[in-house]
Amino acid sequence: MTDTAQVADKAKVHEEKEADHHPYFRPKDAATLILVDRSGNIPKVLVGKRHDKVVFMPGKFVFPGGRVDKADYRVPCAAPITSELEANLAKGSPKTPASRAKSLAIAAIREACEETGLCLGRKAEGKARLEGPWQPFADAGLLPDPSSLFLIARAITPPGRVKRFDTRFFTADASAITHRVEGVIHADAELVELVWVELGSKPLADLHPMTRNVLNELDTRLATGPLRHDAPVPFFHFYGGKMQKDILS
């Protein structure tokens with residue numbers, strides 16, 4: 001075994017041991033947005049291909065998403081989240097207050113705009129007072145609009161990981177996209193390509209297993225017709241070393 005290989009093996013072992021030392025690391029709130037195009041016979045979802053040189057999941061297809069930022073609580077919106085979505089986000093224990101529910105939906109919109117350049121917003125009266133990652137909305141005279149979002153699933157990273165997330169998976173129809181920021185996707189960006197892919201196609205087979213679980217749920221719901229807020233929302237989590245699937249209530 002070469003010195004390089006030995007170092008790599010030791011690093012891997014260290015990483016595993018380090019992870020084992022954090023079985024109760026508190027998950028961070030996170031949100032993912034799955035955009036759906038239903039204009040054809042088979043629904044398509046938008047995925048981005050990650051750069052080959054990034055550390056996490058290089059070259060893989062992913063959905064935009066990430067951690068909730070503190071600023072997501074304070075961002076003004078063009079419309080509130082629907083009462084049905086707020087109720088779904090509040091399900092589970094402990095209960096999610098309204099302000100936190102809003103921040104989850106807003107984070108999904110922000111991450112989608114940051115990573116893909118696609119923005120879900122609505123024209124604001126006067127000039128939108130937004131900055132930082134929300135500057136593209138301000139430049140277009142928009143405020144984020146979470147009213148078109150549906151909650152598809154919730155999933156928590158298993159214990160024993162240094163980084164854990166309590167992720168809410170949202171979906172929205174492609175018609176909710178109201179603005180496109182040019183230049184976000186390029187050869188040196190985190191995402192080098194955006195592709196609309198049919199559900200069940202080969203590129204989606206290589207997704208993270210949990211993401212495939214969520215897509216299966218989305219596929220099942222789309223097969224029944226328009227998305228509804230009163231559909232069961234699965235909750236994927238780990239208990240006793242095994243993945244459990246409950247229904248949020």
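Is Asn88 buried or exposed, and what is its relative accessible area? Asn88 is buried, at a relative accessible area of 4%. The legends below start from the whole chain and come back to this residue later; keep in mind that the model is predicted.

Figure 1. Start here to get your bearings. The chain runs to 249 residues, and 44% of them are buried. Take the contacts between residues at least 6 apart in sequence: 68% of these join residues at least 24 apart. A search of the whole structure turns up 12 salt bridges and 1 aromatic pair. Some of these get their own views below.

Figure 2. Asn88 sits in helix 2, which covers residues 83-90. Its relative accessible area is 4%, so Asn88 counts as buried, the cut-off being under 20%. Who does Asn88 touch, once residues up to four places away in sequence are set aside? The answer is Leu151, His229, Val233 and Leu248.

**Figure 3. Ala98 in helix 3.** Ala98 belongs to helix 3, residues 98-116. With a relative accessible area of 41%, Ala98 is partly exposed, whereas Asn88 is buried. Ala98 and Ile81 are 17 residues apart along the chain, and 9.5 Å separates their C-alpha atoms.

**Figure 4. Ala30 in strand 1.** Strand 1 takes in residues 28-37, and Ala30 is part of it. Ala30 has a relative accessible area of 4% and is buried. Leaving out neighbours within four places in sequence, the contacts of Ala30 are Gly66, Arg67, Val68, Leu104, Phe165, Asp166, Thr167 and Arg168. Two of those names, Asp166 and Arg168, come up again in the next view. Ser103 is a further landmark: it lies 73 residues from Ala30 along the chain, with 9.6 Å between the two C-alpha atoms.

Figure 5. Side chains of opposite charge can pair when their charged atoms come close. Asp29 and Arg168 do this through a salt bridge of 2.9 Å, N to O. Asp29 is in strand 1 and Arg168 in strand 9 (residues 165-173), so the pair ties together parts that are 139 residues apart in sequence. Arg168 also meets Asp166 in a salt bridge, at 3.3 Å, N to O. What network do these residues belong to? Salt bridges with shared partners link Asp29, Arg100, Arg154, Asp166 and Arg168 into one network. As for burial, Arg168 has a relative accessible area of 1% and is buried. Asp166 is buried too, at 6% relative accessibility. Asp29 comes in at 17%, which still counts as buried because the limit is under 20%.

**Figure 6. Arg110 and Glu111, neighbours in a salt bridge.** The closest N and O atoms of Arg110 and Glu111 are 3.1 Å apart in this salt bridge. Are the two partners buried or exposed? Arg110 is buried, at 2% relative accessibility. Glu111 is buried as well, with a relative accessible area of 8%.

Figure 7. A pair of aromatic rings is described by the distance of the centres and the angle of the planes. The search of the whole structure gives 1 aromatic pair. Trp134 and Phe137 form that pair, which is tilted, with 5.1 Å from centre to centre and 55° between the planes. Both Trp134 and Phe137 are buried. Elsewhere, the charged end of Arg154 sits over the ring of Phe235, 4.9 Å from its centre. Arg154 is also one of the members of the salt-bridge network.

**Figure 8. The second largest pocket.** This pocket has a volume of about 530 Å³. Its lining is made up of 20 residues, and those nearest the centre are Arg26, Pro27, Lys28, Asp29 and Arg100. Asp29 and Arg100 also belong to the salt-bridge network. Which strands each supply at least two lining residues? They are strand 1, strand 8 (150-156) and strand 12 (234-239). Strand 12 gives the largest share of the lining, 3 residues.

Key
Residues are numbered from 1 along each chain as its sequence is written. This is a predicted model: local features need pLDDT of at least 70, side-chain atom pairs count only at pLDDT 80 or more; totals for chains, interfaces and linings use all residues. Side-chain values use heavy atoms; hydrogens and water are left out. Helices (H or I, at least four residues) and strands (E, at least two) are DSSP runs, numbered from the N terminus. Buried means under 20% relative accessible area, exposed over 50%, partly exposed in between (1.4 Å probe, protein chains only). Contact means heavy atoms within 4.5 Å. Rings of Phe, Tyr and Trp (its six-membered ring) pair if their centres lie within 6.5 Å; planes under 30 degrees apart count as stacked, over 60 as edge-to-face and the rest as tilted. A charge sits over a ring if NZ of Lys or CZ of Arg is within 6 Å of the ring centre and within 35 degrees of the ring normal. A salt bridge is a side-chain nitrogen of Lys or Arg within 4 Å of a carboxyl oxygen of Asp or Glu. On a 1 Å grid over the protein atoms alone, a cavity is a set of points where a 1.4 Å probe fits but cannot get out, and a pocket is an open set with protein on both sides within 12 Å along at least five of seven lines; lining residues have an atom within 4 Å of a point. Grid points are joined across faces, edges and corners, and a volume is the space filled by probe spheres set on the points.
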